[in-house]
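Please look over the sequence and the model shown here before reading the briefing that follows.

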Amino acid sequence: MANIASALLILVLAAAPAAYAATTYTVGDSSGWTNFGDYTTWASGKTFAVGDSLLFKYGSSHSVAEVSKADYDSCSTSNILKSYTDGSSTVPLSTAGPMYFICSTPGHCSGGMKLAVTVVAASGTPSTPTTTSPPVSDGGSTTPPTTTTPPPPSKNNNGATNILYNMMLGVFLVFGTTVALMG
């Protein structure tokens with residue numbers, strides 16, 4: 001009986017990390033972080049979760065700057081939150097909510113070298129996709145579309161904590177079963 005319980009414990013511990021496997025997303029896939037990418041299309045359909053990471057691969061004429069939404073919208077580099085210049089930068093997604101990235105080389109962001117992602121809690125379900133209202137025409141001028149981003153998930157729903165709790169619960173259940181079978 002002890003051998004069965006030991007085997008079960010090993011099985012539970014081996015399978016526990018698979019409950020949540022973090023993903024590293026290479027921004028722009030094989031093209032990387034370049035002037036020619038369509039990063040809105042690249043990000044669409046992907047669910048970025050806490051624990052995942054973004055890998056930016058780029059040449060020496062580029063950089064990665066994490067910025068606020070206002071600086072993302074205006075392609076401003078005046079208030080950079082974090083900056084990366086090593087050509088292969090991994091950015092951990094450690095907090096649920098929106099994140100914004102631009103290339104700080106003059107003209108690159110306004111040319112489309114910018115990325116916005118919404119990070120969801122690790123155990124949460126994907127958030128509602130960003131919606132864009134159609135342009136409004138008033139005769140001769142057109143108002144640009146507006147973008148609405150859903151609010152980030154509640155901070156009370158911490159995916160890492162839930163995973164750790166579930167793993168510990170499984171270990172204690174297996175341990176309790178082992179003790180009961182041995183006694």
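**Briefing on the predicted model**

Strand β4, residues 64-67, is joined to β5 by three bridges, and the two run antiparallel. Strands and helices are DSSP runs, strands (E) of at least two residues and helices (H or I) of at least four, numbered from the N terminus, and two strands pair if DSSP finds at least two bridges between them. This is a predicted model, in which local features need pLDDT of at least 70 and side-chain atom pairs count only at pLDDT 80 or more, while totals for chains, interfaces and linings use all residues. Residues are numbered from 1 along each chain as its sequence is written, and side-chain values use heavy atoms, with hydrogens and water left out.

**Sheet**

- An open sheet of five strands, with mixed pairing, has the order β2-β8-β7-β4-β5.
- Because β2 (48-49) and β5 (82-84) stand at the edges with a single partner strand each, one side of each is left without a neighbour in the sheet.

**Confidence**

- The protein has a mean pLDDT (the predictor's confidence in each residue, from 0 to 100) of 76, and 56% of its residues reach 70 or more.
- Residues 15-19 have pLDDT below 50, and beyond near neighbours in sequence this stretch has one contact in the model, where contact means heavy atoms within 4.5 Å.
- Residues 153-158 also have pLDDT below 50, and beyond near neighbours in sequence this stretch has eight contacts in the model.

**Nonpolar cores**

- A nonpolar core is a set of buried Ala, Val, Leu, Ile, Met, Phe, Trp, Tyr and Cys residues joined through side-chain atoms within 4.5 Å; buried means under 20% relative accessible area, exposed over 50%, and partly exposed in between, with a 1.4 Å probe and protein chains only.
- In the largest nonpolar core, which has 22 residues, Trp33, Leu54, Phe56, Phe101 and Leu115 touch the most other members.
- At least two residues of this core come from each of α2 (39-43), β3 (53-57), β7 (97-102) and β8 (114-120).
- Apart from it lies another core, of six residues, including Val67, Tyr72, Tyr100 and Cys109.
- Leaving aside neighbours within four places in sequence, the contacts of Leu115 include Val27, Trp33, Trp42, Leu54, Phe56 and Met99.

- Ala116 has its place in strand β8 and is partly exposed, with a relative accessible area of 31%.
- Not counting residues up to four places away in sequence, Ala116 touches Ala43, Tyr72, Met99 and Tyr100.
- Ser89, found in strand β6 (residues 88-92), is buried at a relative accessible area of 1%.
- The side chain of Ser89 makes polar contacts (pairs of N or O atoms within 3.5 Å, where within protein one must be able to donate a hydrogen and the other to accept it, and residues adjacent in sequence count only if both atoms are side-chain atoms) with the side chain of Tyr58, at 2.6 Å, and with that of Asp86, at 2.6 Å.

**Cysteines**

- The structure holds one disulfide, a disulfide being a pair of cysteine sulfur atoms within 2.5 Å.
- Cys75 and Cys109 form this disulfide, with their sulfur atoms 2.1 Å apart, and the link is left-handed, with -70 degrees about the S-S bond.
- Cys75 lies in the loop between α3 (69-74) and β5 and Cys109 in the loop between β7 and β8, so the pair ties together parts that are 34 residues apart in sequence.
- Cys75 is partly exposed, with a relative accessible area of 22%, whereas Cys109 is buried at 4%.
- Cys103 is in no disulfide, and the nearest cysteine sulfur, that of Cys109, is 8.3 Å away.
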